[in-house]
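Hi,

Here is the structure I promised to pass on.

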Amino acid sequence: MPGYGSGSGGGNGGTSAVTRNTLRQQIADALRDEVLAGRMQPGREFTVKEIAEQYGVSATPVREALVDLSAQGLLDSDQHRGFKVHQFSVDDYRTMVETRSMVVDAVFGHLEQHRPCPPAPQALLSVRRRAEEAERAARTGDLDILIGYDLRFWRELAALGANRYLCDFLHRLRVQAWVFAVPFLRADPELSDWLWSGHQDIVDAVNGGDVPGVRAVIRAYNVHSLAWADRLEQQDRQRDRQRDREQSRQHDKQYDRQHDRQQDRQRRQER
């Protein structure tokens with residue numbers, strides 16, 4: 001990359017460190033986007049070398065980026081096999097929904113206690129834009145666009161009433177929830193029916209200083225998310241029953257074939 005390792009004397013080490021950290025962040029962001037988009041599926045294994053060759057960079061920033069993503073819960077690391085995209089379960093997703101609900105409740109509780117007046121219109125302008133784009137993407141079923149605007153919406157919204165540590169934690173939860181959901185949503189013929197689009201309702205409630213109204217919208221959102229999780233489990237049970245029925249049919253066919261062969265042998269012996 002241009003400028004990597006450039007300079008001379010005492011300034012060279014500092015410039016190299018800054019460039020490497022920037023490269024590390026760029027690689028982490030690119031891989032996170034790949035996981036979020038579902039192009040790197042849960043369970044996929046890879047090595048530092050593979051990623052370094054893919055991006056045409058050295059192994060050091062790649063290894064650091066992968067360690068960062070592991071710390072965020074998106075990758076699993078194995079000393080001998082490399083890294084693997086983490087596979088979240090439905091129970092994990094339910095826990096994410098419950099936890100993010102508590103975090104958002106804390107954010108707006110803090111906002112209600114310490115900033116009782118509605119935020120200035122200018123402060124909400126960017127949040128409203130994110131909300132409009134997220135809703136438009138949800139209505140049209142454009143998952144890639146929705147993910148980006150949804151994450152920005154919640155990050156900017158939380159920043160109105162929370163410290164950066166709480167914002168970072170909420171962002172991490174939302175990224176993990178999307179990582180779990182995306183493979184299922186992409187395969188869902190009823191995709192648009194399950195993409196939540198209440199972003200502007202939240203902005204309107206915040207703009208009016210209506211914290212109970214915000215909480216009501218978020219409660220409905222959580223109910224929607226948990227209903228989707230229940231639907232996933234119901235589909236899994238249906239697939240399991242169908243597989244069991246198919247295995248039973250195959251077993252019956254095998255038994256019938258064995259029984260027929262046995263009958264044939266007996267008839268030949270009787271002759």
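Predicted model: local features only at pLDDT ≥ 70, side-chain atom pairs only at ≥ 80, totals over all residues.

Residues are numbered from 1 along each chain as its sequence is written, and side-chain values use heavy atoms, with hydrogens and water left out.

The protein has 10 helices and 3 strands (DSSP runs numbered from the N terminus: H or I of at least four residues for helices, E of at least two for strands). Along the sequence the order is α-β-α-α-β-β-α-α-α-α-α-α-α. Of its 271 residues, 35% are buried (under 20% relative accessible area; exposed is over 50%, partly exposed in between, with a 1.4 Å probe and protein chains only). Among contacts (heavy atoms within 4.5 Å) with a separation of 6 or more, 72% are between residues 24 or more positions apart.

Now the salt bridges, of which there are 17 (a side-chain nitrogen of Lys or Arg within 4 Å of a carboxyl oxygen of Asp or Glu). Two of them to look at:

- Asp230 pairs with Arg94 at 2.6 Å, N to O. Asp230 sits in helix 10 and Arg94 in helix 4 (residues 90–114), 136 residues apart. Asp230 is partly exposed at 41%, and Arg94 is partly exposed at 21%.
- Asp105 pairs with Arg215 at 2.7 Å, N to O. Asp105 is in helix 4 and Arg215 in helix 10, so this pair ties together parts 110 residues apart in sequence. Both are partly exposed, Asp105 at 39% and Arg215 at 23%.

There is also a local one: Glu133 and Arg136, with the closest N and O atoms 2.9 Å apart. These two are 3 residues apart in helix 5 (residues 121–140), which means about one helical turn between them.

Last, the surface. Arg257, Arg261, Arg265 and Arg268 form a positive patch (residues with over 30% relative accessible area and no salt bridge, like charges joined within 9 Å; Lys and Arg count as positive, and the place of an Arg charge is CZ). Arg268 lies in helix 10 (residues 211–270) and is exposed, at 51% relative accessibility.

Cheers

Key: Patch = residues over 30% accessible without salt bridge, like charges linked within 9 Å, V, L, I, M, F, W, Y side chains within 5 Å. Areas by Shrake-Rupley, 256 points an atom, 1.4 Å probe, with all protein chains shown as cover.
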